[in-house]
Amino acid sequence: MNGIDWIQSIVWIGLVLLLGVVEIFTLDFIFIMLAAGAAGGLVAALLGAPWWLSAIVAAVLSLVLLSLVRPRLLVALGRNADPHRTNVEGLIGLPGTVAVAFTTSAPGQVRLANGETWSARFAAGSVDRTPPLGTPVVVESIEGSTAVVRLAERATS
């Protein structure tokens with residue numbers, strides 16, 4: 001190896017390390033694919049390829065990895081899809097009971113199954129808008145800081 005080959009190898013090693021470090025901070029599987037492409041360029045350079053051929057190997061390998069491997073990796077890891085509803089979305093459908101009585105002029109409060117107490121009002125179309133304390137309800141939606149509830153259907157035995 002002459003001096004140019006050593007410099008080319010050092011540049012490829014530096015590029016692999018730099019892209020690997022950037023991937024650690026981004027976690028998008030983009031820079032790791034580019035780092036793998038740079039590793040391919042390094043291998044080509046170590047096998048004696050000229051710099052332009054090493055660059056082509058790195059570019060082609062990076063594009064193949066980005067277009068074929070990364071999408072399948074994201075699907076396999078379940079990225080961009082959280083099966084669990086959280087925050088306000090996680091409250092919809094949650095059962096609870098009436099904690100503070102509803103009146104015709106003021107909303108009441110409900111204690112949800114997760115232990116939280118929310119100010120609540122009944123959904124439009126609810127027949128009984130003044131149920132007694134302890135009546136089971138189900139959250140239909142959240143509007144601001146108010147839970148919109150409906151009476152829970154009684155289990156038939």
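Phe-102 is buried, with a relative accessible area of 6%, where buried means under 20% relative accessible area, exposed means over 50%, and partly exposed lies in between, judged with a 1.4 Å probe and protein chains only. The model is predicted, so that local features need pLDDT of at least 70 and side-chain atom pairs count only at pLDDT 80 or more, while totals for chains, interfaces and linings use all residues. Residues are numbered from 1 along each chain as its sequence is written, and side-chain values use heavy atoms, with hydrogens and water left out.

The count of aromatic pairs comes to one, under a rule by which rings of Phe, Tyr and Trp (its six-membered ring) pair if their centres lie within 6.5 Å, with planes under 30 degrees apart called stacked, over 60 edge-to-face and the rest tilted. Phe-102 and Phe-122 form this tilted pair, at 4.7 Å centre to centre and 50° between the planes. The pair links distant parts of the chain, since Phe-102 sits in the loop between strand 1 (95–100) and strand 2 (108–112), whereas Phe-122 belongs to strand 3 (residues 117–122), 20 residues apart. Phe-122 is buried too, at 3% relative accessibility. Strands here are DSSP runs of E of at least two residues, and helices are runs of H or I of at least four, numbered from the N terminus.

In one of them the side chains of Glu-143 and Arg-121 meet at 2.4 Å, N to O, joining strand 4 (residues 136–143) to strand 3 across 22 residues. Glu-143 is partly exposed at 43%, and Arg-121 is partly exposed at 33%. Arg-150 forms a salt bridge with Glu-140, their closest N and O atoms being 3.3 Å apart, and this pair links strand 5 (residues 146–151) with strand 4, 10 residues apart. Arg-150 is partly exposed at 29% relative accessibility, as is Glu-140 at 37%.

Turning to the helices, helix 2 (residues 31–46) has 16 residues that should span 22 Å, and its end C-alpha atoms are 22 Å apart, which agrees; the expected span is 1.5 Å times one less than the number of residues. The buried residues of helix 2 include Met-33, Gly-37, Gly-41 and Leu-42. Helix 2 is followed by Gly-48, whose phi is positive, near 100°.

How values were computed: Salt bridge = Lys/Arg side-chain N within 4 Å of Asp/Glu carboxyl O.
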